[in-house]
Amino acid sequence: MHLSDKKKAFTLIELLVVIAIIAILAAILFPVFAQAREKARQSSCTSNLKQIATSMIMYCQDYDGRFCLGGDFEADAATGKWPGRSWVVSVQPYMKSLQVLGCPDDSGAGHSDWSGIGVSYAVNGYLNPNYKWYSNNDPANGFEPLGLFASNHIGWLAPRSQVDSTVGRPAETVMATEKFYADEMAYQSIPGGCGFWGGNVSGLAANAVFAQDNWGGGWGDILIPDATRAADPCPAKGPNGAVSAHHNNRADFAFADGHVKSMIPSATDPDMTNRPQDNMWDATRP
């Protein structure tokens with residue numbers, strides 16, 4: 001047999017070149033695959049919020065246009081027990097499935113404990129940060145809700161949510177957004193009072209994004225976004241507030257007219273003090 005008929009083996013240099021080419025291709029393609037995977041997760045999250053928004057609107061149609069309570073914590077007069085009913089419980093019959101309550105990026109979604117099931121979303125429970133007492137001839141005293149959803153809590157929170165017909169800018173008013181259960185748990189472990197009041201659960205918590213900028217203590221940590229706010233060691237006190245922005249630094253927002261949009265959270269409130277007319281969390285804007 002002629003020597004030229006023998007198979008030629010790879011040299012070490014050739015093998016190293018092939019490995020280098022594979023490594024370069026992997027370095028190029030892996031981020032693309034990661035972005036594609038994240039885009040798929042965001043699409044799933046967008047679909048979830050769209051179903052939640054549709055369910056909210058269906059609830060309103062059945063209840064004379066009134067949004068449900070973000071959380072109902074008033075004790076029953078007969079039994080003395082608290083119902084512990086959040087918006088999740090009120091709207092669930094319209095959603096039909098609990099799976100829409102979890103974003104694929106939220107590692108805590110679906111977590112179950114005594115207070116309910118961990119969810120990835122929160123409703124707009126923005127309260128007036130200037131301590132304006134609730135009026136409109138309502139017998140209950142409480143802080144005036146500027147968002148769509150109120151909480152009923154022993155009279156010192158305004159117990160009535162907004163009516164859809166009175167929302168002046170439905171296409172520019174936040175209805176719900178992302179507030180991960182995993183973030184909630186992580187914030188509570190940060191020293192210095194970073195944890196939120198209430199957990200992101202389906203049962204006892206209000207599942208709302210509030211704002212009392214000038215409060216101290218627990219409730220002062222529950223903030224809507226404000227682009228003028230400086231970064232803070234506690235993420236919830238930074239420009240994005242309590243909103244979870246894990247989709248390439250963006251979050252999905254459902255609006256009062258039912259549409260869903262991806263935004264940088266701080267863009268929903270460019271300047272609470274000097275541009276209140278642009279605060280998308282205020283449902284009372286004309």
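D278 is partly exposed, with a relative accessible area of 25%. Partly exposed sits between buried, under 20% relative accessible area, and exposed, over 50% (1.4 Å probe, protein chains only). Before I go on: this is a predicted model, where local features need pLDDT of at least 70, side-chain atom pairs count only at pLDDT 80 or more, and totals for chains, interfaces and linings use all residues. Residues are numbered from 1 along each chain as its sequence is written, and side-chain values use heavy atoms, leaving out hydrogens and water.

Back to D278. Which residue does the D278 side chain meet in a salt bridge? R275, at 2.9 Å, N to O. A salt bridge here is a side-chain nitrogen of Lys or Arg within 4 Å of a carboxyl oxygen of Asp or Glu. R275 is partly exposed too, at 38%. By this rule the count comes to 2 salt bridges. E172 and R169 form a salt bridge as well, with their closest N and O atoms 3.6 Å apart. E172 has a relative accessible area of 38%. For R169, the value is 23%.

Now the inside. A nonpolar core is a set of buried Ala, Val, Leu, Ile, Met, Phe, Trp, Tyr and Cys residues joined through side-chain atoms within 4.5 Å. The largest one has 29 residues. I52, M56, W87, L101, L148, F149 and M175 touch the most other members. Helix 1, helix 2, strand 5 (121-124) and strand 7 (174-178) each give two or more residues to this core. Helices (H or I, at least four residues) and strands (E, at least two) are DSSP runs, numbered from the N terminus. Which helix gives the most to this core? Helix 1, with 7 residues.

Take I52. Leaving aside neighbours within four places in sequence, I52 is in contact, meaning heavy atoms within 4.5 Å, with W87, M95, V100, L101 and Y121. There is also a second, separate core of 12 residues, including Y126, A251, M263 and M280.

Next, helix 2, residues 87-95. The buried residues there are W87, V88, S90, V91, Y94 and M95. Why are they on the same side of helix 2? Because they cover an arc of only 160 degrees around the axis, taken from the directions from the helix axis to the C-beta atoms. K96 follows helix 2, and its phi is positive, near 75 degrees.

Last, I19. I19 lies in helix 1, residues 12-62. I19 is partly exposed, with a relative accessible area of 46%.
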